[in-house]
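Here are some notes for a colleague who is opening this structure for the first time. They are meant to be read with the model on screen.

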Amino acid sequence: MEAVQAQWGVVVVAAGRGMRMGTKESKQYLLLQDKPILVHTLELFEGMEEVSEIILVVGEQDVARCEAFVREYDLIKVKAVLAGGSERQHSVRIGLQSLGTEWVMVHDGVRPLVTQSAVRSCMSMAENVEAAVLAVPVKDTIKQVNEAGVIVATPDRRSLWAIQTPQAFRRSLLIRAHEQAALEGFLGTDDAMVVERLGIPVSVTEGEYTNIKITTPEDLPWAAFLLASNSKSKTGKGEKEL
Ligand SMILES: Nc1ccn([C@@H]2O[C@H](COP(=O)(O)OP(=O)(O)OP(=O)(O)O)[C@@H](O)[C@H]2O)c(=O)n1
Ligand SMILES: C[C@](O)(CO)[C@H](O)COP(=O)(O)O
């Protein structure tokens, strides 16, 4: 992997309500090791020398408490905490408008387990090709199923990847793609989609299966376990158990 050359900005989107998690508190504020999931995510980017600014996008009702987190956890790279939109894509667009760097990543606030080395691979790839996303090859056989619950197709697994964040782009490209999508009323579930539809290639960088998006209740114990394993490997205490 080539070294990352540029200084990067990150939009961390965390304005969702977490309907699939079903908790009263939005999932990004649930605690793991006594710290909100969102703070774990922010600290990962705060600690990277290639990252110079972070824009945090949250629910309107959560702006004040997130500004308090920024102070409490000394997140000096967080330049603004903004109120997001009704869809993830709207939240990204709002965040992008406030970033000043030539290169940007978009990351889900609820993916706290991404590693700095995976982020670096993605940035490095994007600096070469303009647009790159982290992803992992799917391990299961995937079926397309109709409304009656009957299998209608089995796509070739060798071409299937599960897409993660961060997703990394030259900022001007991503802004143009989002403006076009907004103009045409296109709504996708990730940022690669808004770029792909312009006919611009987006490259996949192989990431890690542990970069889970905390989405449903069974993800929480798994995330807690992974976080504990990360802390152990950092201190060297977990080697025997592995
Ligand atoms: N209007 C929205 C919707 C989602 N997100 C963020 O996008 C990320 C990925 O979305 P997802 O896991 O789908 O989160 P939620 O929308 O909160 O979950 P759900 O779909 O279960 O309601 C999350 O960090 C979420 O907070 C956002 O910033 N603005
Ligand atoms: C961007 C993303 O994390 C890629 O997997 C995901 O698409 C966003 O969340 P959702 O679960 O699709 O709403």
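1. Which residues surround ligand 2? In this predicted model, the shell is made of Arg88, Asp108, Ile163, Gln164, Thr165, Thr189, Asp190 and Lys213. Strand S10, residues 161–170, gives the most to this shell, with 3 residues. By class, the shell around ligand 2 holds 4 charged, 3 polar and 1 nonpolar residues.

2. How many residues surround ligand 1? There are 21, and the closest are Val13, Gly16, Met19, Arg20 and Ser91. Two or more residues of this shell come from each of strand S1 (8–14) and helix H3 (88–96). The division by class is 9 polar, 6 nonpolar and 6 charged residues.

3. Two packed helices are described by the distance between their axes and the angle between them. For H3 and H5 (residues 171–184), the axes come within 11 Å and cross at roughly 135°. H3 is therefore oblique to H5, since the angle lies between the 65 to 115 degrees of a roughly perpendicular pair and the limit of 145, over which a pair counts as roughly antiparallel. The crossing of H3 past H5 is left-handed.

4. Which residues make the contact between these two helices? On the H3 side they are Gln89, Val92, Arg93 and Leu96. On the H5 side they are Leu174, Ile175, His178, Ala181 and Ala182. By class, the contact has 6 nonpolar, 2 polar and 1 charged residues.

5. Asp34 has a phi near 65°, which is a positive value in a residue other than glycine. Asp34 sits in the loop between strand S2 (31–32) and strand S3 (35–36).

6. Last, the overall form. The secondary structure of the protein comes to 11 strands and 7 helices. The radius of gyration is 18 Å, close to the 18 Å that the globule rule gives for 242 residues, so the protein is as compact as a globular protein of that length. The C-alpha trace spans about 50 × 45 × 40 Å along its principal axes.

Definitions and conventions
Residues are numbered from 1 along each chain as its sequence is written. Chains are lettered from A and ligands numbered from 1 in the order in which they are written. This is a predicted model: local features need pLDDT of at least 70, side-chain atom pairs count only at pLDDT 80 or more; totals for chains, interfaces and linings use all residues. A residue is near a molecule or strand if its C-beta atom, placed from the backbone, lies within 6 Å of it. Helices (H or I, at least four residues) and strands (E, at least two) are DSSP runs, numbered from the N terminus. Ala, Val, Leu, Ile, Met, Phe, Trp, Tyr, Cys and Pro count as nonpolar, Asp, Glu, Lys and Arg as charged, and the others, Gly among them, as polar. Axes are lines fitted to C-alpha atoms, for helices over the stretch in contact, and angles run from 0 to 180 degrees between N-to-C directions. Angles under 35 degrees count as roughly parallel, over 145 as roughly antiparallel, 65 to 115 as roughly perpendicular and the rest as oblique. A crossing is left-handed if the near helix is turned anticlockwise from the far one by less than a right angle, and right-handed if clockwise. Two residues are in contact if their C-beta atoms, placed from the backbone, lie within 7 Å. The radius of gyration is taken over C-alpha atoms; the globule rule is 2.2 Å times the number of residues to the power 0.38.
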